[in-house]
Every structure is written in C-alpha cells, then in structure tokens.
Amino acid sequence: MNHIRKMRGLAVGFGALLFLSGCGAKESPEPAANRRFETEMDENLIAVGFSQVGAESDWRAANTESIQSSLTPENGFYLIYEDAQQKQENQFKAIRNFILQEVDYIVLSPIVETGWETVLQEAKDAGIPVILVDRMAQVDEELYTCWIGADFESEGKRAGEWLEQYLEEQGRAGEEIRIVTLQGTLDSSAQLGRTKGFAEVMEKHGNWDMLEMKDADFTQAKGQEVMESLLKKYDDIDVVVCENDNMAFGAVDAIQEAGESCGPDGDITILSFDAVSAAFDAMMAGEINVSFECNPLHGPKLQEIIGTLESGGTVDKIQYMEETYFDTSMNLEELRKTRAY
Ligand code: AHR
C-alpha cells in the first residue's frame, strides 16, 4: 500500500469535500464524529471509504454498526463513512470523493444493481480496489475485487418452501391462497433475489394467487401505507410476503388498524426477511409468523478480506454469509439470546 499517496490524498480529499456542494458528505446526517478528517492521520492506517445505502431499516443499522466497529483505528483502519440516504446519485458522489481522497479501498453497498459501470471504471482507473457488500452491481467482474452478502434468491425460495409446508400442516394445501408482496427497493439485489426465489416455488402451486406485488422501499412507513392500500383493494388476503422486517412491522400496523388479524393465530399469515431483534418481538407477540435471516454482520469478514489483500493474498470473488430462519414454532426466547442484532 502506498501510504504517502494515501496521506496526500486525504488532505486533498478534505479540501475537495469542503469545496463540493451537495455532495454525499454534506448531506449525510451521520455525526461528524464518524469522520476523522479533523484528527491527525496515522500513516499506518488503511484508508477505507464506505458508501452505505442509507438508514432505511433495522438491518441497515446493524450492518453499518458491524462495519464501523470492525474498521476502527485500533484494528488499523481509517474509515470514511458516507450515508447515501437511499439515493444512487449520492453514492456516485461519495465514490468520486473517495477517489479524490485516494483512499486505499472503496467499500460499496449498491442501492440498485444497475448503473455502476462508469463510476466503478473511474475507481479502477485510479487503482483503488472496490469491495461490494450486501447488494450486487451488474458490472464486468473486473470492476470489483469481491462481493460479500446474502444469497437472496435462496432466501426467497426458503420462504416459498416454508409456506408450502405451513399450508400442508394447516390442512390448506389444496385451497386457493391469496397472496400480496411488499417488495423492497426495486432493482436492489435483495428485492430481485427474494422475488425470484419465492416465484420459483409459486410456479409449482396453481392454487397460489399473487394478487399484487408493490414497492414499499424497505421502510416501515411505506410498508404501512402500501398495506393499507392493498387491504382496501382486496378482500380475503391470506398471506403477505414482506421483503424485509421493517415493511412487515408497517404491514402489521395497517392490518390491525383495519380491524383484521395476522400472525399464527390470525387470518393473515405474514412472512418476512432479516430476522432482526424487533422481528423476534413481533413473532413472540404473535404478529408475524416467520422471518428469514439475512445476516448483516459483514464487518469482521470485510476486515479479514482487506487484511488478506494487504498481505498480498487473494480472496474469493463471491462470499456468502450463513443464514437460517426463525418461526413461531421455535423457542424464540432462547434463540434470541444468541443473536447479535
Ligand atoms: O439488502 C439487504 C436489505 O436491505 C435488508 O433486507 C433490508 O432490511 C435492507 O434495507
């Protein structure tokens, strides 16, 4: 690693950040304490620019925390964190600022899969390795060093298979099953994979009727709003597939406010993804049936990958996180004690 290059770059970068108006750094609500521009640089630290999607969900907060608490000065890192507030253009600005700062690595969680060729080519031309976390970018694989994240398609398939078995156990396997889906941000890997995986199982069941799939942007507020509109439009919804926990929390609020019931003892079965701590609360309260884990703890793996690259080693291009699922038939009280988020 060229530390002289890094030191000069960080000084230039700070000036550039002050100069550029409307850039991700200025708009970010992240407290200044998270940026260490003001502090004296230790030339031995590895400079990493991290462009995060936003703060749209509990999962995202856990993911940010994991990366921030791994890439610390104590562990040898100088982390520049940028919250894109769910806007791809903010991620473009952040990456270009990281290039100006001549960071050693760029870590990017791409909000959507498309549109990254130009900016990632700029990073490559500047000789800065890019590590993708969580979501994928549809670009030539030469444009990124590796990717860490979840197998979203398997998560969606697991959800479909869970529903298959649940309906069987309920003696409802042959009934018409009316389903709606609250989708995550369209064109994001999590949305594309979960939708695709669930659809693969649906194809086997002519009696499963997908009434509508609607974007609720992975947020609780949107989840509630979209569920309210679906409840007005359709009678007798049997199943709601929520492509993350926060949308499920919003959906539960909408269902309860409409005077309907959900969860294992209610009329509407709720499937969700992430398995964050609040989803355990919702399952234990009998509001949602199941949550398919999406592991947000990327920090330690990222630290290990950069360590390997720094010592001249190679890393696997695609690295999946381990995942499972949790439902109300399990001892959630005990399981929750083992959970970090
Ligand atoms: O990309 C991972 C997804 O993004 C999580 O499921 C969701 O909660 C987050 O916003």
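Please keep in mind that the model is predicted. The chain has 341 residues, 54% of which count as buried, and its secondary structure includes twelve helices and twelve strands.

**Contacts across the chain**

- Among contacts with a separation of 6 or more, 76% are between residues 24 or more positions apart.

**Helices H6 and H7**

- Helix H6 covers residues 152-169 and helix H7 covers residues 189-202; their axes come within 6 Å and cross at roughly 35°.
- The crossing of H6 with H7 is right-handed.
- On the H6 side, the residues that meet H7 are Phe152, Glu153, Glu155, Gly156, Lys157, Ala159, Gly160, Glu161, Leu163 and Glu164.
- On the H7 side, their partners are Ser189, Ala190, Gly193, Arg194, Lys196, Gly197, Phe198, Glu200 and Val201.
- Sorted by class, this contact of H6 with H7 has eight charged, six nonpolar and five polar residues.

**Helices H8 and H9**

- Further along, the axes of helix H8 (residues 220-233) and helix H9 (residues 245-257) come within 7 Å, crossing at roughly 40°.
- That angle makes H8 oblique to H9.
- H8 and H9 cross in a right-handed sense.
- H8 brings Gln220, Gly223, Gln224, Met227, Glu228 and Leu231 to the contact with H9.
- H9 meets these residues with Asn246, Met247, Phe249, Gly250, Ala251, Asp253, Ala254, Ile255 and Glu257.
- By class, the contact between H8 and H9 has seven nonpolar residues, along with five polar and three charged ones.

**Lys87 in its loop**

- To find Lys87, look in the loop that lies between strand E2 (77-83) and helix H4 (88-100).
- Lys87 has a relative accessible area of 38%, so this residue is partly exposed.
- If neighbours within four places in sequence are left aside, Lys87 is in contact with Val53 and Ile111.
- Ile111 is 24 residues from Lys87 along the chain, and the C-alpha atoms of Lys87 and Ile111 are separated by 7.3 Å.

Methods
Residues are numbered from 1 along each chain as its sequence is written. This is a predicted model: local features need pLDDT of at least 70, side-chain atom pairs count only at pLDDT 80 or more; totals for chains, interfaces and linings use all residues. Side-chain values use heavy atoms; hydrogens and water are left out. Axes are lines fitted to C-alpha atoms, for helices over the stretch in contact, and angles run from 0 to 180 degrees between N-to-C directions. Helices (H or I, at least four residues) and strands (E, at least two) are DSSP runs, numbered from the N terminus. Angles under 35 degrees count as roughly parallel, over 145 as roughly antiparallel, 65 to 115 as roughly perpendicular and the rest as oblique. A crossing is left-handed if the near helix is turned anticlockwise from the far one by less than a right angle, and right-handed if clockwise. Contact means heavy atoms within 4.5 Å. Ala, Val, Leu, Ile, Met, Phe, Trp, Tyr, Cys and Pro count as nonpolar, Asp, Glu, Lys and Arg as charged, and the others, Gly among them, as polar. Buried means under 20% relative accessible area, exposed over 50%, partly exposed in between (1.4 Å probe, protein chains only).
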